[in-house]
Amino acid sequence: MTTTAPANPLVFRSEFEHVGLDESETIHALQTVFANMAKKVADAEGHASRAVHAKGHALVRGKLTVLDNLPPQLAQGLFGKAGTYDVLLRWSSPPAEQLPDGVSTHRAVAMKVLNVPGERFDTAKSGNSQDFLMVNGPVFSAPDPQGFLKSVKMLAATTNASETGKKIISAVLRTAENALEAVGGESGMLKALGGEPQHHPLGETYFSQTPYLYGQYMAKLSLAPVAPELLALDGASIKTEDDAQRHAIGSHFASQGGEWELRVQLNVDVEKMPIEDASVEWPQDLSPFIAVARVRLEPQTSWDASLEKLEDEIAYDQWNCLVEHRPLGSVNRARRQVMATSREFRSEFNRCPIHEPSA
């Protein structure tokens with residue numbers, strides 16, 4: 001992992017973002033589809049979950065330490081000076097249902113950095129945390145809200161379908177995905193529909209997939225394991241039981257901690273590293289991911305009744321952020337509206353106001 005920042009990161013300009021002609025209509029359609037999925041699941045389960053990444057596997061506390069002596073291009077926003085912050089991490093997986101892990105979808109981690117100083121993007125939001133959301137793949141499954149809507153409609157069609165049928169389909173998709181990866185390929189769609197390989201979530205590297213402001217620059221982020229006990233889990237298989245990920249993470253944290261690097265990839269070329277097409281992987285030979293902080297978690301209980309209650313009471317939202325780390329691009333603009341709709345429904349249905357956690 002390089003520690004040298006690119007000498008020529010691009011300074012953000014407003015013209016790098018482009019609002020499509022039908023973007024607002026598409027976002028409204030996305031809100032409707034997600035709201036209908038959430039209501040369908042809530043009515044069936046008697047409890048409202050998140051519209052995406054509904055199933056939580058772990059909720060753990062730790063520390064984020066910003067590295068000292070970062071070069072000016074990297075010493076931006078939250079990372080402007082060395083320091084240590086409390087963090088709250090949530091491992092999860094989509095879709096909108098509490099599905100058994102035999103239906104294998106993407107692994108995701110959301111990190112809430114607590115008590116962050118600086119100007120807030122949305123002053124109406126309470127608290128002073130900074131949220132980052134990441135998935136175990138470098139690119140989003142669709143380039144824009146229109147593509148996102150198509151894939152979500154496919155997902156919506158399976159909501160509340162037979163779990164047995166979903167497990168069978170997932171097993172077929174995993175076989176297809178493994179065969180594709182064996183010849184150097186990968187399919188985000190196969191993984192999203194249930195073909196994610198059954199690997200240990202703590203051995204995965206996670207990516208923001210979409211860009212954020214990074215102070216005056218633009219960047220994507222990544223959370224990568226660096227501790228030997230985590231690197232040993234890279235590609236390690238887990239069982240296909242209903243709560244396999246929850247058990248695997250819990251077993252690890254019962255006796256061990258771990259350390260990750262939070263890395264950023266600065267934008268140096270908006271043609272090859274587009275802001276508005278979330279399906280394009282930014283070339284690392286142009287701009288590599290560079291460590292700006294370390295995240296350390298100690299052994300702890302990663303899931304119990306009190307943590308499940310806390311998970312219900314809080315939300316992760318990349319728009320809960322500093323001005324200097326505002327999300328960029330159409331997919332993030334869509335997420336802003338869709339996630340707000342989800343939070344409002346979840347809070348109302350469960351009669352549980354959503355709030356920022358205490359440190």
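Predicted model: local features only at pLDDT ≥ 70, side-chain atom pairs only at ≥ 80, totals over all residues.
**Entry 1: the partner helix.** I then asked myself at what angle α1 and α8 pack. The answer is about 30° between α1 (residues 23-45) and α8 (residues 330-350), with the axes 9 Å apart. Angles under 35 degrees count as roughly parallel, so α1 is roughly parallel to α8. I also noted that their crossing is right-handed.

**Entry 2: who touches whom.** From α1, the contact takes in Glu23, Ile27, Leu30, Gln31, Phe34, Ala35, Ala38, Lys39, Ala42 and Asp43. From α8, I listed Ser330, Arg333, Ala334, Gln337, Val338, Thr341, Phe345 and Phe349. Sorted by class, this contact has 10 nonpolar, four polar and four charged residues.

**Entry 3: burial along α1.** Which residues of α1 are buried? I wrote down Glu23, Thr26, Ile27, Leu30, Gln31, Val33, Phe34, Met37, Ala38, Val41 and Ala42. A handy reminder for reading such a list: an α-helix has 3.6 residues a turn, so residues three or four places apart point the same way.

**Entry 4: stepping back.** Last, I looked at the whole protein, which has eight helices and nine strands. Of its 359 residues, 53% count as buried. Among contacts with a separation of 6 or more, 79% come from residues 24 or more positions apart.

How values were computed:
Residues numbered from 1 in each chain as written. Heavy atoms only, no water. Axes fitted to C-alpha atoms, helices over the stretch in contact; angles between N-to-C directions. Helix = DSSP H or I, 4+ residues; strand = E, 2+ residues; numbered from the N terminus. Parallel < 35°, antiparallel > 145°, perpendicular 65-115°, else oblique. Left-handed = near helix turned anticlockwise from the far one by under 90°. Contact = heavy atoms within 4.5 Å. Nonpolar A, V, L, I, M, F, W, Y, C, P; charged D, E, K, R; others polar. Buried < 20%, exposed > 50% of the residue type's maximum accessible area, 1.4 Å probe, protein only.
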